[in-house]
Amino acid sequence: MAKPAAPHPLRPATQLVRSGQMRTNLDETSEALFLTSGFVYDSALQAEQTFTGEAEHFQYSRFGNPTVQMLEARLAMLEGAEACRATGTGMAAVSSAMLSHLKAGDRVVASRALFGSCHWIVSTLLPRYGIQTEFVDGGDLNQWEAAFRRPCQLVLLETPSNPMLELVDLKAVCDLAHKAGAIVVVDNVFATPLLQKPMKFGADVVVYSATKHFDGQGRVMGGAVLGSRKWIEEVLQPFTRNTGTAISPFNAWVILKGLETLHLRVPAMSRSAAAIAQMLEERSEVVQVCYPYLASHPQYELAKKQMSGGGTLVSFSLKGKAEAFRFLDALRVIDISNNLGDAKSLITHPATTTHSKVGPEERARLGISDGAVRLSVGLEDVEDLVEDIAAALDAASGDNPAPVRPQHG
Ligand SMILES: *Cc1c(COP(=O)(O)O)cnc(C)c1O
């Protein structure tokens, strides 16, 4: 039998463990994995009524699935959003949030510093469908203001941004965008819902790659779109159901269980990231350190205003590509990988990987130098990470090329 409802609101840690669970009549402790594509009906009438909407019943896992629904309910509760739809990847979340809302003739304004595939959607895909797009430097309110002199239907922004951790003033941009008639879609992957709640500052839609911190253990792909019930049901859902952005119930289940430890993992990873950022500032080989909660970050005040922690990523620059490559190759614990938000610390050289396709000019505008590296801080002992980084910096600054990476562990 269901317990009476808890006195609300539950705190985030409790929500992450308990919100959204639908127990079956078998009274299982853990959330059940409904690995089924379809559902059966008691009668032809029930089937008819399900399709007309008179009866509540699952139909088909492209439309909805109990495990996926548990994930959606948990994420909506955590975000403080009315509704959520989970998607197969983070990019399915971003693209469906945009494509479901837009039509030919519309105009989109986006911050320049976006995840690579988000940048491609704005710069290349949308214009093919007759949607005008414009990029602005996300940190420059004058550019946002100028862009909003013409009608605009949708704003896409990411804060902190990938990879240089620049911030966008959420409150200011949401206010300007709303006056121009646009909805604001925030890609909140880097901050996570624990460190930043964009809707509190006026965002209409928040999107996530669940592949990152939500799973947090580098196993499955997933995404999520959160917004008002009306927008999700009337605008997003017809698009996601009919184009087929559904997440696999198995992936949803893995992410649902991953969420149970999010409130332990993200603060721990952020604490280590802050310690590493501070340690990097002391090193003469490091030209620049970017971390929102470092007093030296040009938007430190804004970071304190709209985030409750600096996040799990640190970006920093060495002198050039050769130094960056020597440093990466000399690491013995941290892995070279373009993923992020994992329990394992991962490092990448954006200029030759995630941002190789944007070209040198755009990279320069984004502040991504050939010596820049992006570190996603994991759950290892921070002392091991600090020692690994320090030793690799020593090795990279020496004249000897780094030896071949051995197996570690
Ligand atoms: C990873 C990522 C995405 C895309 O998510 P996928 O799950 O890889 O499709 C979008 N935005 C940001 C900021 C990301 O880090």
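The following questions and answers concern a predicted model.

Reader: Which element gives the most to the shell around the ligand?
Author: By class, the shell has seven nonpolar, six polar and three charged residues (nonpolar: Ala, Val, Leu, Ile, Met, Phe, Trp, Tyr, Cys and Pro; charged: Asp, Glu, Lys and Arg; polar: the others, Gly among them). Of the 16 residues around the ligand, Thr 89, Gly 90, Phe 115, Ser 209 and Thr 211 come nearest; a residue is near if its C-beta atom, placed from the backbone, lies within 6 Å of the molecule or strand. Helices (H or I, at least four residues) and strands (E, at least two) are DSSP runs, numbered from the N terminus. The most, three residues, comes from helix α4 (residues 90–101).

Reader: Is Leu 165 buried or exposed?
Author: Leu 165 is found in the loop between β4 and α7, and has a positive phi of about 60 degrees although it is not a glycine. A residue is buried if 20 or more other C-beta atoms, placed from the backbone, lie within 10 Å of its own, exposed if 12 or fewer, and partly exposed in between. Because Leu 165 has 26 C-beta neighbours inside 10 Å, it counts as buried.

Reader: How many C-beta neighbours does Leu 167 have inside 10 Å?
Author: Leu 167 lies in the loop between β4 (154–158) and α7 (170–179). Not counting residues up to four places away in sequence, Leu 167 touches several residues, including Gly 139, Thr 159, Pro 160 and Pro 292; contact requires C-beta atoms, placed from the backbone, within 7 Å. Leu 167 counts as buried, its C-beta neighbours inside 10 Å numbering 28.

Reader: Are helices α11 and α15 roughly parallel or roughly antiparallel to each other?
Author: The axes of α11 (residues 262–281) and α15 come within 10 Å and cross at roughly 30 degrees; axes are lines fitted to C-alpha atoms, for helices over the stretch in contact, and angles run from 0 to 180 degrees between N-to-C directions. Ser 272, Ala 275, Ile 276 and Met 279 of α11 make the contact with Val 382, Leu 385, Val 386 and Ile 389 of α15. Angles under 35 degrees count as roughly parallel, over 145 as roughly antiparallel, 65 to 115 as roughly perpendicular and the rest as oblique. Therefore α11 and α15 are roughly parallel.

Reader: Which residues of α15 meet α13?
Author: The axes of helix α13 (residues 321–330) and helix α15 (residues 382–397) come within 8 Å and cross at roughly 135 degrees. The two helices are therefore oblique to each other. From α13, Glu 323, Arg 326, Phe 327 and Ala 330 take part, and from α15, Ala 392, Leu 393, Ala 395 and Ala 396.

Technical notes:
Residues numbered from 1 in each chain as written. Predicted model: local features only at pLDDT ≥ 70, side-chain atom pairs only at ≥ 80, totals over all residues. Contact = placed C-beta atoms within 7 Å.
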